[in-house]
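Here is a short note on the model for a colleague who has not seen it before. Please read the points with the structure open.

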Amino acid sequence: MIGSELHTSHFPYGEYRLARASWRDVFALHRLERLIFPGDAYSYPELLALLVWPGMANLKLVDRHGRLAAFFSGGPFPGGGRTWIMTIGVHPEHQRRGLAWRLLAEGEACLAGPTIYLTVRASNRRAYALYAQNGYIQVRVKARYYPDGEDGIEMRKDRP
Ligand SMILES: CC(C)(COP(=O)(O)OP(=O)(O)OC[C@H]1O[C@@H](n2cnc3c(N)ncnc32)[C@H](O)[C@@H]1OP(=O)(O)O)[C@@H](O)C(=O)NCCC(=O)NCCS
């Protein structure tokens, strides 16, 4: 699906529209990142790199007012043959409505390759549960992976 026209759709969860994110979304994405990843947010250059890197699947959900509700980024970045989910986040006002589940499924459908990797904070039980319930298994612990010294948990999903 990468590189082709992404269908836009209205979800049964409400009036959320799915679309590809582009460099034009960088300011809204940065605001969302700072809100949901305090201390950990991607910088503007990092977000821009995600948004323009070849082969990346960058998807957003916008609400009925056109505001950013959720974002997914995944693909071969930062290179090396593996497919990674780089970030997934839902605005606090839109959480617990099934958006992460839906966006994860839509994002995975855009990703090539049989195996998808991601890293999640050891303390992020909600995100860990989301991934585990969607078929991701723990691969290894990355000791002190995050800047504040917290461990990261690498997870992997093998697709048929
Ligand atoms: C983690 C995060 C992405 C979850 O987003 P969300 O949209 O609230 O998640 P969902 O609504 O899709 O899922 C929420 C709940 O509904 C359940 N659910 C939703 N859709 C479901 C479905 N189709 N089938 C079964 N359960 C479902 C989930 O199990 C989950 O249960 P919980 O509320 O007890 O945790 C969100 O909290 C977030 O953005 N956090 C900050 C950023 C972050 O941590 N990102 C992950 C980094 S690795």
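Which residues touch the most other members of the largest nonpolar core?

1. Phe72 and Tyr131 do, in a core of 27 residues. A nonpolar core here is a set of buried Ala, Val, Leu, Ile, Met, Phe, Trp, Tyr and Cys residues joined through side-chain atoms within 4.5 Å. Helix α3 (99–110) gives the largest share, 5 residues. Two or more residues each come from β2, β3, β4, α3, β5 (115–121), α4 (125–133) and β7 (152–158).

2. This is a predicted model, in which local features need pLDDT of at least 70 and side-chain atom pairs pLDDT 80 or more, while totals for chains, interfaces and linings use all residues. Residues are numbered from 1 along each chain, and side-chain values use heavy atoms, without hydrogens and water.

3. Helix α2 (residues 44–52) has Leu47, Leu50 and Leu51 as its buried residues (buried: under 20% relative accessible area, exposed: over 50%, 1.4 Å probe, protein chains only). These three lie on the same side of α2 because they cover an arc of only 95 degrees around the axis, taken from the directions from the helix axis to the C-beta atoms. Pro45 and Val52 are exposed on the face turned away from that side. The cover over the buried residues includes α1 (26–36), β2 (57–62), β3 (68–75) and β4 (83–90), with contact meaning heavy atoms within 4.5 Å.

4. An oxygen atom of the ligand is 2.6 Å from a polar side-chain atom of Asn124. The protein covers 71% of the 940 Å² of accessible area that the ligand has on its own (Shrake-Rupley method, 1.4 Å probe).

Technical notes: Helix = DSSP H or I, 4+ residues; strand = E, 2+ residues; numbered from the N terminus. Polar contact = N/O pair within 3.5 Å; in protein donor to acceptor, adjacent residues only side chain to side chain.
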